[in-house]
Amino acid sequence: MYYIVDRIEAGIVILQSYDKTNLEVSTECFDFEVKEGDVVKRQNDKFFKDENETMLRRERIKSLSKKLFSE
């Protein structure tokens, strides 16, 4: 299942799935530096960063923001 890192608070990563459910996970469960907006995949109770999906998502947000604020 895929999640988006919503925020990080006091060592807890708040993940949001595409169906809008939240999951709270300790930062210790990630063996990479996790940042807000990252797309991560959970597989066999391990988390992996999806670099490609993270990049695509950030590009979509950047494009939408540009359209919104340029008018």
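Predicted model: local features only at pLDDT ≥ 70, side-chain atom pairs only at ≥ 80, totals over all residues.
Student: Let's start with the whole chain. In what pattern do the helix and the strands follow one another along the sequence?

Tutor: Good place to begin! The chain has one helix and five strands. Its C-alpha trace spans about 45 × 25 × 25 Å along the principal axes. Read along the sequence, the pattern is β-β-β-β-β-α.

Student: What percentage of the residues in the chain is buried?

Tutor: A residue counts as buried when its relative accessible area is under 20%. The chain has 71 residues, and the buried share of them is 23%.

Student: How many bridges join β1 to β2?

Tutor: Let's look at how the two strands are connected. β1 and β2 form a hairpin with two residues between them, and A10 in the turn has a positive phi of about 50°. One of the bridge pairs is Y3 with its partner S17 in β2. The two strands run antiparallel, and the number of bridges joining them is six.

Student: And in which sense do β2 and β3 pair, parallel or antiparallel?

Tutor: You can trace this pairing through residues that face each other. L15 stands opposite L23 in β3, and Q16 stands opposite N22 in β3. There are five bridges between β2 and β3, and the sense of the pairing is antiparallel.

Student: What is the phi of N44, roughly?

Tutor: First find N44 in the loop between β4 (39–43) and β5 (46–49). N44 is exposed because its relative accessible area of 73% is over the 50% cut-off. Although N44 is not a glycine, its phi is positive, at about 55°.

Student: Now for the inside. Which residues make up the largest nonpolar core?

Tutor: This core holds nine residues in all.

Student: Is F30 buried or exposed?

Tutor: Beyond its neighbours within four places in sequence, F30 is in contact with V13, L15, V25, V40 and F47. Its relative accessible area is 7%, which is under the 20% cut-off, so F30 is buried.

Student: What kind of aromatic pair do F30 and F32 form?

Tutor: There are two aromatic pairs by the rule used here. The ring centres of F30 and F32 lie 5.6 Å apart, with 85° between the planes. Planes over 60 degrees apart count as edge-to-face, so this pair is edge-to-face.

Student: Which residues form the aromatic cluster?

Tutor: We already have F30 and F32 from the pair above. F32 is partly exposed, with a relative accessible area of 22%. Together with one more residue they form one cluster, whose members are F30, F32 and F47.

Student: Last one! Which residue's backbone nitrogen does the side chain of D38 reach?

Tutor: D38 lies in the loop between β3 and β4, and it counts as buried because its relative accessibility is 0%. Beyond its neighbours within four places in sequence, D38 is in contact with Y3, I4, V5, E33, K49, T54 and R58. At 2.8 Å, its side chain reaches the backbone nitrogen of K35.

Terms used:
Residues numbered from 1 in each chain as written. Heavy atoms only, no water. Helix = DSSP H or I, 4+ residues; strand = E, 2+ residues; numbered from the N terminus. Buried < 20%, exposed > 50% of the residue type's maximum accessible area, 1.4 Å probe, protein only. Phe/Tyr/Trp six-rings, centres within 6.5 Å; stacked < 30°, edge-to-face > 60°. Polar contact = N/O pair within 3.5 Å; in protein donor to acceptor, adjacent residues only side chain to side chain. Contact = heavy atoms within 4.5 Å. Pairing = 2+ DSSP bridges. Core = buried A, V, L, I, M, F, W, Y, C linked by side-chain atoms within 4.5 Å.
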